[in-house]
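Here's a quick briefing on side-chain packing and pairing, written for someone who likes to see the cut-offs. Have a look at the sequence and the fold first.

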Amino acid sequence: MTPRIPGSGLAKGLAVTLRTMTRKTVTAQYPDVQPELPPRSRGVIGLFEENCTVCMLCARECPDWCIYIDSHKETVPAATPGGRERSRNVLDRFAIDFSLCMYCGICIEVCPFDALFWSPEFEYAETDIHELTHERDKLREWMWTVPEPPALDPAAEEPKEIAAARKTAEKLEAQRAQEAQQAEEAQRAQETQQAQENRRPEGEGEA
């Protein structure tokens, strides 16, 4: 082991300082120049309201208790005759107080229905701290700034949600095509019948 030269650490530190002093300072003139953030930056939390079932799991697990949820129950008629009516929770309010939020992401991780997502949006400063409690309309606007998830492995199975949505869309498209075909056939039959009546000689068919 080679002995250390006295003062070598100080010399290295001064060398780093001198190199830094000779470099040109680069300052981003925000807000005229927007910062280049990573696509998965933790800015704010977006809400995909259609997936929310008001399970309250995000509000219960939040360590800051900054999520406020209100809901009411509605009765859903039976899907089939003789079936039983069901009740479901309907979301009335979903708000997040970002003056309390510490951006831990627990609410996003525990949501079992993928209703909460990280958005890279960060420009939401307010002059009044009370205005940092954003309601579901604003949270939904931020949802559209959420980047798309990374592509799946080519050999991976298609997500069940996408497969179900595609089957429903294909079924509706096939139903619309069938209805259009039936309407076209009915129109042709009507035009054929009208043409035959126009070609019929006068007095034909009269008693």
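What follows covers the core, the aromatic pairs, the salt bridges and a surface patch.

This is a predicted model, where local features need pLDDT of at least 70, side-chain atom pairs count only at pLDDT 80 or more, and totals for chains, interfaces and linings use all residues. Residues are numbered from 1 along each chain as its sequence is written, and side-chain values use heavy atoms, with hydrogens and water left out.

**Nonpolar core**

- The largest nonpolar core has 26 residues; such a core is a set of buried Ala, Val, Leu, Ile, Met, Phe, Trp, Tyr and Cys residues joined through side-chain atoms within 4.5 Å.
- At least two residues of this core come from each of strand 1 (44-47), helix 2 (57-61), strand 2 (67-76), strand 3 (86-97), helix 3 (106-110), strand 4 and helix 4 (136-143). Helices (H or I, at least four residues) and strands (E, at least two) are DSSP runs, numbered from the N terminus.
- The residues with the most contacts inside the core are Ile45, Ile67, Ile69, Phe94, Ile96, Phe98 and Leu116.
- Leaving out residues up to four places away in sequence, Leu116 touches Ile45, Gly46, Leu47, Cys58, Phe94, Cys107, Ile108 and Cys111 (contact means heavy atoms within 4.5 Å).

**Aromatic pairs**

- Rings of Phe, Tyr and Trp (its six-membered ring) pair if their centres lie within 6.5 Å; planes under 30 degrees apart are stacked, over 60 edge-to-face and the rest tilted. By this rule there are six aromatic pairs.
- Phe98 and Tyr124 make a tilted pair, 5.4 Å centre to centre with 55° between the planes.
- Buried means under 20% relative accessible area, exposed over 50%, and partly exposed in between (1.4 Å probe, protein chains only).
- Tyr103 and Trp118 are stacked, at 6.4 Å centre to centre and 25° between the planes. Tyr103 sits in the loop between strand 3 and helix 3 and Trp118 in strand 4, 15 residues apart.
- Tyr103 is partly exposed at 25% relative accessibility, whereas Trp118 is buried at 16%.
- Ring pairs join Phe98, Tyr103, Trp118, Tyr124 and Trp142 into a cluster.

**Salt bridges**

- There are six salt bridges in the structure, each being a side-chain nitrogen of Lys or Arg within 4 Å of a carboxyl oxygen of Asp or Glu.
- Glu74 and Arg88 pair up at 3.7 Å, N to O. Glu74 lies in strand 2 and Arg88 in strand 3, so this bridge ties together parts 14 residues apart in sequence.
- Lys138 and Glu141 meet at 3.6 Å, N to O; they are three residues apart in helix 4, which means about one helical turn between them.
- Arg188 bridges to Glu184, with the closest N and O atoms 2.7 Å apart. Both are in helix 5 (residues 160-199), four residues apart, so about one helical turn separates them.

**Surface patch**

- Tyr30, Leu37 and Phe122 make a nonpolar surface patch of about 280 Å².
- Phe122 belongs to the loop between strand 4 (116-119) and strand 5 (133-134), and counts as partly exposed because its relative accessibility is 33%.

Definitions and conventions
Patches are made of residues with over 30% relative accessible area and no salt bridge: like charges are joined within 9 Å, nonpolar side chains (Val, Leu, Ile, Met, Phe, Trp, Tyr) within 5 Å. Accessible areas come from the Shrake-Rupley method with a 1.4 Å probe; for residues, only the protein chains shown count as cover.
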